[in-house]
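Hello,

Here is the structure I promised to hand over. Please have it open while you read the notes below it.

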Amino acid sequence: NAGTEADVYISVYGERGDTGSRQLLRSQKSKKFLKGQTDIFAVEAVHLGHLHKIVIGHNGLGSGNGWFLDKVVIKDPITDLDYTFLCHRWLDQGQDDGNIARELAVTDASTLPGRQELELKREETWAAEKWKFQKGNTLQFYNRLTRGFICLNPDSSVDALGDKKNKYGKVIFM
């Protein structure tokens, strides 16, 4: 459920202006915006010079309109430069922060893109998993090797072997 059937729009901003909002209509794939798929679109515009940001989003219509966007890469045919805009977030009224549009800055070529992508993946993972560590939630950890539950004690010590009699090794966050 990471793809979308909604209409997707993009605005590209560069040193010489912007494209205005453009609907991404014809992908090189038969069905566009499917989970795990890379779609390629041609967008005609005047040359904007060096790009610095995009705004991308959808209209929120249609079944399954929520969308997880990994990144956008724009290839400039005049300069032969690639501009990468990392997202790694949901565009979904019911996920993440509820926004269906994102403003994305170009990835600085002087930074290590891999490191920046890793940091965004870490933030994305924490955003998806932090609910587990909220007050009152209980977590259970099962050790397949010992066939017992791993016990995390209130004094921060860990019993990694687990008590085989304990069927419900628990961690309660207070």
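**The pockets**

The lining of the largest pocket holds 23 nonpolar, seven polar and six charged residues. Here Ala, Val, Leu, Ile, Met, Phe, Trp, Tyr, Cys and Pro count as nonpolar, Asp, Glu, Lys and Arg as charged, and the others, Gly among them, as polar.

Before going on, a word on the source. This is a predicted model, in which local features need pLDDT of at least 70 and side-chain atom pairs count only at pLDDT 80 or more, while totals for chains, interfaces and linings use all residues. Residues are numbered from 1 along each chain as its sequence is written, and side-chain values use heavy atoms, with hydrogens and water left out.

Back to the largest pocket. Its volume is about 1200 Å³. Of its 36 lining residues, Asp39, Phe41, Val72, Val73 and Ile74 are the closest to the centre. β5 gives the most, with ten residues.

The terms are as follows. A pocket is found on a 1 Å grid over the protein atoms alone, as an open set of points where a 1.4 Å probe fits, with protein on both sides within 12 Å along at least five of seven lines; lining residues have an atom within 4 Å of a point. Points are joined across faces, edges and corners, and the volume is the space filled by probe spheres set on them. Helices (H or I, at least four residues) and strands (E, at least two) are DSSP runs, numbered from the N terminus.

The second largest pocket contains about 260 Å³ of space. It has 13 lining residues, and Trp90, Asp96, Glu124, Ala127 and Ala128 lie nearest its centre. β6 (81-91) and α1 (113-129) are the elements that give two or more residues to this lining. The largest share, six residues, comes from α1. By type, the lining has six nonpolar, two polar and five charged residues.

**The fold and the core**

The protein has one helix and twelve strands. Along the sequence the pattern is β-β-β-β-β-β-β-α-β-β-β-β-β. Of its 174 residues, 28% are buried. Buried means under 20% relative accessible area, exposed over 50%, and partly exposed in between (1.4 Å probe, protein chains only).

Contact means heavy atoms within 4.5 Å. Among contacts with a separation of 6 or more, 52% are between residues 24 or more positions apart.

Which residues have the most contacts inside the largest nonpolar core? They are Ile54, Ile56, Leu69, Val72 and Phe85, in a core of 18 residues. β1, β4, β5 and β6 each give two or more residues to this core. A nonpolar core is a set of buried Ala, Val, Leu, Ile, Met, Phe, Trp, Tyr and Cys residues joined through side-chain atoms within 4.5 Å. In soluble globular proteins, nonpolar side chains tend to be buried together.

Residues up to four places away in sequence aside, Val72 touches Ile10, Ile54, Ile56, Tyr83, Thr84 and Phe85.

**Two positive phi values**

Most residues other than glycine have a negative phi. Asp80 is not a glycine, yet has a positive phi of about 65 degrees. Asp80 lies in the loop between β5 and β6 and is exposed, with a relative accessible area of 66%.

His88 also has a positive phi, near 55 degrees. His88 lies in strand β6. Is His88 buried or exposed? His88 counts as buried, at 2% relative accessibility.

**Two loop residues**

Asn59 sits in the loop between β4 and β5. Asn59 is partly exposed, at 26% relative accessible area. Beyond its neighbours within four places in sequence, Asn59 is in contact with Ala6, Asp7, Tyr9 and Ile100. Asn59 and Tyr9 are 50 residues apart in sequence, and their C-alpha atoms are 8.0 Å apart.

Asp97 is in the loop between β6 and β7 (101-105). Asp97 is partly exposed, with a relative accessible area of 39%. Its contacts, leaving aside neighbours within four places in sequence, are Arg89 and Arg102. From Asp97 to Ala127 is 30 residues in sequence and 9.8 Å in space, C-alpha to C-alpha.

Best wishes
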